Amino acid sequence: PGLRAARGARALRDAARALSALPPDEARLILAVGAEGQTYAEAAAAEGLPIGTVMSRLSRARARLRGG
């Protein structure tokens with residue numbers, strides 16, 4: 001394993017740590033939309049939430065991940 005693999009492993013650990021610091025509902029939405037590629041509408045239907053709630057939770061989660 002070279003430097004690239006080590007950086008990749010570190011990035012995965014950092015991402016997992018950041019997601020685990022989010023409230024569970026926000027982490028699920030970040031994964032659904034960001035990693036799985038769901039649309040806001042798909043994520044809203046899967047979570048049983050209005051699309052506006054999904055949008056506001058994603059905004060809040062992204063702000064937390066940026067450190068704000």
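Q: What makes the stretch holding Ala 32 a helix?
A: Ala 32 lies in helix H2, and the name comes from DSSP runs numbered from the N terminus (H or I, at least four residues, for helices; E, at least two, for strands). H2 covers residues 24-35. A quick note on the source: this is a predicted model, where local features need pLDDT of at least 70 and side-chain atom pairs count only at pLDDT 80 or more, while totals for chains, interfaces and linings use all residues. Residues are numbered from 1 along each chain as its sequence is written, and side-chain values use heavy atoms, with hydrogens and water left out.

Q: Why is Ala 32 called buried?
A: Its relative accessible area is 10%, and buried means under 20% (exposed is over 50%, partly exposed in between, with a 1.4 Å probe and protein chains only). So Ala 32 counts as buried.

Q: What does Ala 32 touch, once neighbours within four places in sequence are left aside?
A: Gly 37, Gln 38 and Ala 43 are in contact with Ala 32, contact being heavy atoms within 4.5 Å. As for Gly 67, 35 residues along the chain from Ala 32, the two C-alpha atoms are separated by 21 Å.

Q: Is Gly 34 buried or exposed, and how do you know?
A: Gly 34 also lies in helix H2. Its relative accessibility is 63%, which is over the cut-off of 50%, so Gly 34 counts as exposed.

Q: Why do Leu 29 and Val 54 count as buried?
A: Leu 29, found in helix H2, has a relative accessible area of 1%, so it goes down as buried. Val 54, which lies in helix H4, has 0%, so it is buried too.

Q: Which residues touch Leu 29, not counting those up to four places away in sequence?
A: They are Gly 34, Ala 43, Glu 47, Val 54, Arg 57 and Leu 58. Val 54, counted in that way, touches Leu 29, Tyr 40, Ala 43, Ala 44 and Leu 49.

Q: What makes a group of residues here a nonpolar core, and which ones are in the largest?
A: The term means buried Ala, Val, Leu, Ile, Met, Phe, Trp, Tyr and Cys residues joined through side-chain atoms within 4.5 Å. The largest such core has 11 residues: Leu 22, Ala 27, Leu 29, Ile 30, Ala 32, Val 33, Ala 43, Ala 44, Val 54, Leu 58 and Ala 61. H2, H3 and H4 (51-66) each supply at least two residues of it, and H2 gives the largest share, five.

Q: Why is H2 called oblique to H3?
A: H2 and H3 (residues 40-47) pack at about 140 degrees, their axes 9 Å apart. Under 35 degrees is roughly parallel, over 145 roughly antiparallel, 65 to 115 roughly perpendicular, and the rest oblique. That makes H2 oblique to H3. Their crossing is right-handed.

Q: What meets what between H2 and H3?
A: Arg 28, Leu 29, Ala 32 and Val 33 of H2 meet Tyr 40, Ala 43 and Glu 47 of H3. By class, that contact has five nonpolar, no polar and two charged residues.

Q: Why do H3 and H4 get the label roughly perpendicular?
A: H3 and H4 pack at about 105 degrees, with their axes 9 Å apart, so they are roughly perpendicular to each other. Tyr 40, Ala 41, Ala 43 and Ala 44 of H3 make the contact with Ile 51, Val 54, Met 55, Leu 58 and Arg 62 of H4. Eight of these residues are nonpolar, none polar and one charged.

Definitions and conventions
Axes are lines fitted to C-alpha atoms, for helices over the stretch in contact, and angles run from 0 to 180 degrees between N-to-C directions. A crossing is left-handed if the near helix is turned anticlockwise from the far one by less than a right angle, and right-handed if clockwise. Ala, Val, Leu, Ile, Met, Phe, Trp, Tyr, Cys and Pro count as nonpolar, Asp, Glu, Lys and Arg as charged, and the others, Gly among them, as polar.
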